[in-house]
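Reader: Hey, can we walk through this model together? I'd like to hear how the strands pair up first.

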Amino acid sequence: MKKISIEALARQQLAAATSGSSGRAAATVFGGHEKVLRQTVMGMAKGTVMAEHESPGDATVYVLSGRVRLIVGDDAWQARTGDLLIMPKARHSLEAEEDATILLTVAKLP
């Protein structure tokens with residue numbers, strides 16, 4: 001059994017993101033490359049963009065704080081604290097419209 005404070009980790013990642021040159025910071029809280037399920041807490045400074053990519057499997061983004069925008073082609077959806085985005089099976093990007101923290105959950109396809 002392992003217990004992790006997601007809120008505390010989110011604060012740490014946001015502090016690292018806003019003070020770092022890349023504008024984002026992340027810590028995996030469960031899983032990894034050898035597991036099917038992976039959960040990552042990420043901090044993103046305002047204006048930071050996670051470049052267009054495809055998900056390696058089913059994925060969700062839970063917004064812990066702030067506001068982000070999911071972009072798929074010409075379509076975009078805004079999500080705020082407490083919103084859950086179900087990631088599309090298409091190339092997409094994610095932009096922090098303000099300082100934000102997210103919990104990214106990915107279940108890799110076999």
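Author: β1 pairs with strand β2 (residues 37-44) in the antiparallel sense, over 7 bridges. Two strands count as paired if DSSP finds at least two bridges between them, and strands (E, at least two residues) and helices (H or I, at least four) are DSSP runs numbered from the N terminus. This is a predicted model, where local features need pLDDT of at least 70, side-chain atom pairs count only at pLDDT 80 or more, and totals for chains, interfaces and linings use all residues. Residues are numbered from 1 along each chain as its sequence is written, and side-chain values use heavy atoms, leaving out hydrogens and water.

Reader: What stands opposite A25?

Author: That's G43, in β2.

Reader: And what's the strand order in the open sheet?

Author: The 5 strands run β1-β2-β9-β4-β7, with antiparallel pairing. β1 (24-31) and β7 (84-86) are at the edges with a single partner strand each, so one side of each has no neighbour in the sheet.

Reader: Which strands does helix α1 touch?

Author: α1 (residues 6-19) packs on the sheet and touches β1, β2, β4 (57-65) and β9 (100-108). Contact here means heavy atoms within 4.5 Å. The direction of α1 makes about 50 degrees with that of β2; axes are lines fitted to C-alpha atoms, for helices over the stretch in contact, and angles run from 0 to 180 degrees between N-to-C directions.

Reader: Switching topic: which residues touch the most other members in the largest nonpolar core?

Author: V68, L85, L94 and I102, out of 18 residues in that core. A nonpolar core is a set of buried Ala, Val, Leu, Ile, Met, Phe, Trp, Tyr and Cys residues joined through side-chain atoms within 4.5 Å. Buried means under 20% relative accessible area, exposed over 50%, partly exposed in between (1.4 Å probe, protein chains only). The largest share of this core, 4 residues, comes from β9.

Reader: What is L85 in contact with?

Author: Setting aside neighbours within four places in sequence, L85 contacts A59, T60, V61, V68, L70, A79 and L94. There's also a second, separate core of 6 residues, including A10, A27, V29 and L103.

Reader: How much of the protein is buried?

Author: Buried residues make up 39% of the 110 residues.

Reader: Last one: which element has the lowest mean pLDDT?

Author: Strand β3 (residues 49-53), at 89, while α1 has the highest, 97. pLDDT is the predictor's confidence in each residue, from 0 to 100. The protein averages 93, and 100% of the residues score at least 70.
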